[in-house]
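Work through the exercises below with the structure open beside you. Try each task before you read its solution.

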Amino acid sequence: MIEFSELVKLITVLLVAASIAGFSAGLLGVGGGLVMVPALYYAFTILDFEISTRMHLAVGTSLAIIIPTSIMSTKTHMKYGAVDFKLFKSFGIFIIIGVIFGTFLASNLKTPSLILFFSIFTFFVGLFFIFIKNKLEQIEKNVSIIYKVLIGSLIGFISVPLGIGGGSLAVPFMRLFGYDMRKAIGTSAAMGIIIAISGTISMILSGALFADVKSPLSFGYFNLAGFIIFVPVTMVMAPIGARLVHQVSRATITKIFGIFLIIISIRSEEHTSELQSPM
């Protein structure tokens, strides 16, 4: 039975993480999964969920939370004309194909491997936010069908094992092709809707069909309790972050966020080492 003090600590961590995740979703065009996954994993650890499916539950639940967060973020960016629907539509099918294969990868990775995968990716995204993101040119280039197939599939494939909305990949990609930062953020938020919906469905089905998930209030690789705590907070914070994008410079904020991601990456890697060490 979890103690009252631990329960308070758990709820506090989840609420703070939900606020940061929702705000960053709107501000930086990321789904918030890079914040939500470690917070959910910590929560499930406190609750003593099965170690074999703990990270998988964090990933699947994060994807489900990203659905309303991305919708709220996208609606706000649409008011500023910052969503390129032509590019968004042309990527959709390729992203879904990537999600299907990404689900297969996530379902077959053991918890330490999944955490390590998350840690490495987070580290490099953190470096991107700190050193590169605001230095790329802003002259839009035509994106060929080959790049749409490759990049769209890659975004979907990588997003599911990490439990993210794909913005950490979509924003850099659009910036490399010269898209304005605000349009890149708004369009990647819209892409996150496709990834989150298809990823959530596939993780629920995968967990239900191929794993014996015994953690309470869990359906496949989705936990209802984590979803209920996160969603109201992220839906409030996402529009606030999205509005701020169009009002102030984000150079300092992106660097701070990059440092934050690197710290998460290092802590995740340390936890991987603990799991792999002999008991």
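**Exercise 1: a pocket lining**

By class, how many nonpolar, polar and charged residues does the lining of the second largest pocket have?

Solution. Note before you start that this is a predicted model.
- Step 1: Begin with the volume. The second largest pocket has a volume of about 200 Å³.
- Step 2: Find the lining. It has 15 residues, and the closest to the pocket centre are Leu10, Leu47, Asn223, Ala225 and Ile229.
- Step 3: Sort the lining by class. There are 13 nonpolar residues, two polar ones and no charged ones.
- Step 4: Trace the helices. Helix 1 (4–28), helix 2 (33–46) and helix 9 (224–245) each give at least two lining residues. Helix 1 gives the largest share, four residues.

**Exercise 2: the overall pattern**

State how many helices and strands the protein has, and what share of its residues is buried.

Solution. 
- Step 1: Count the elements. The protein has ten helices and zero strands.
- Step 2: Read along the sequence. The pattern is α-α-α-α-α-α-α-α-α-α.
- Step 3: Turn to burial. Of the 279 residues, 54% count as buried.

**Exercise 3: two ring pairs**

Classify the pair Phe85 and Phe88, then the pair Tyr147 and Phe177, as stacked, tilted or edge-to-face.

Solution. Two values describe a pair of aromatic rings: the distance of the centres and the angle of the planes.
- Step 1: Know the total. The count comes to seven aromatic pairs.
- Step 2: Take Phe85 and Phe88. Their ring centres are 6.1 Å apart and their planes stand at 85 degrees, so this pair is edge-to-face. The cut-off for that class is over 60 degrees.
- Step 3: Phe85 and Phe88 both belong to helix 4 (residues 85–108); they are three residues apart, so about one helical turn separates them.
- Step 4: Phe85 has a relative accessible area of 33%, so Phe85 is partly exposed. Phe88 has 17%, so Phe88 counts as buried.
- Step 5: Take Tyr147 and Phe177. Here the centres are 5.4 Å apart with 70 degrees between the planes, and the pair is edge-to-face.
- Step 6: Locate the partners. Tyr147 is in helix 6 (residues 145–162), and Phe177 is in the loop between helix 7 (167–176) and helix 8 (181–210), so the pair ties together parts 30 residues apart in sequence.
- Step 7: Tyr147 is partly exposed at 43% relative accessibility, whereas Phe177 is buried at 13%.
- Step 8: Look for a cluster. Ring pairs link Phe91, Tyr147, Phe173 and Phe177.

**Exercise 4: charged side chains**

Which residue lies over the face of Tyr41, and which residue forms a salt bridge with Lys214?

Solution. 
- Step 1: Go to Tyr41. Arg54 lies over the face of this ring, 5.9 Å from the ring centre.
- Step 2: Count the salt bridges. There is one.
- Step 3: Identify the partners. Lys214 bridges to Asp212, and their closest N and O atoms are 3.7 Å apart.
- Step 4: Judge their surroundings. Lys214 and Asp212 are both exposed.

Methods
Residues numbered from 1 in each chain as written. Predicted model: local features only at pLDDT ≥ 70, side-chain atom pairs only at ≥ 80, totals over all residues. Heavy atoms only, no water. 1 Å grid on protein atoms, 1.4 Å probe; cavity = no way out; pocket = protein on both sides within 12 Å on 5 of 7 lines; lining within 4 Å. Points joined across faces, edges and corners; volume = space filled by probe spheres on them. Nonpolar A, V, L, I, M, F, W, Y, C, P; charged D, E, K, R; others polar. Phe/Tyr/Trp six-rings, centres within 6.5 Å; stacked < 30°, edge-to-face > 60°. Buried < 20%, exposed > 50% of the residue type's maximum accessible area, 1.4 Å probe, protein only. Lys NZ or Arg CZ within 6 Å of the ring centre and 35° of its normal. Salt bridge = Lys/Arg side-chain N within 4 Å of Asp/Glu carboxyl O.
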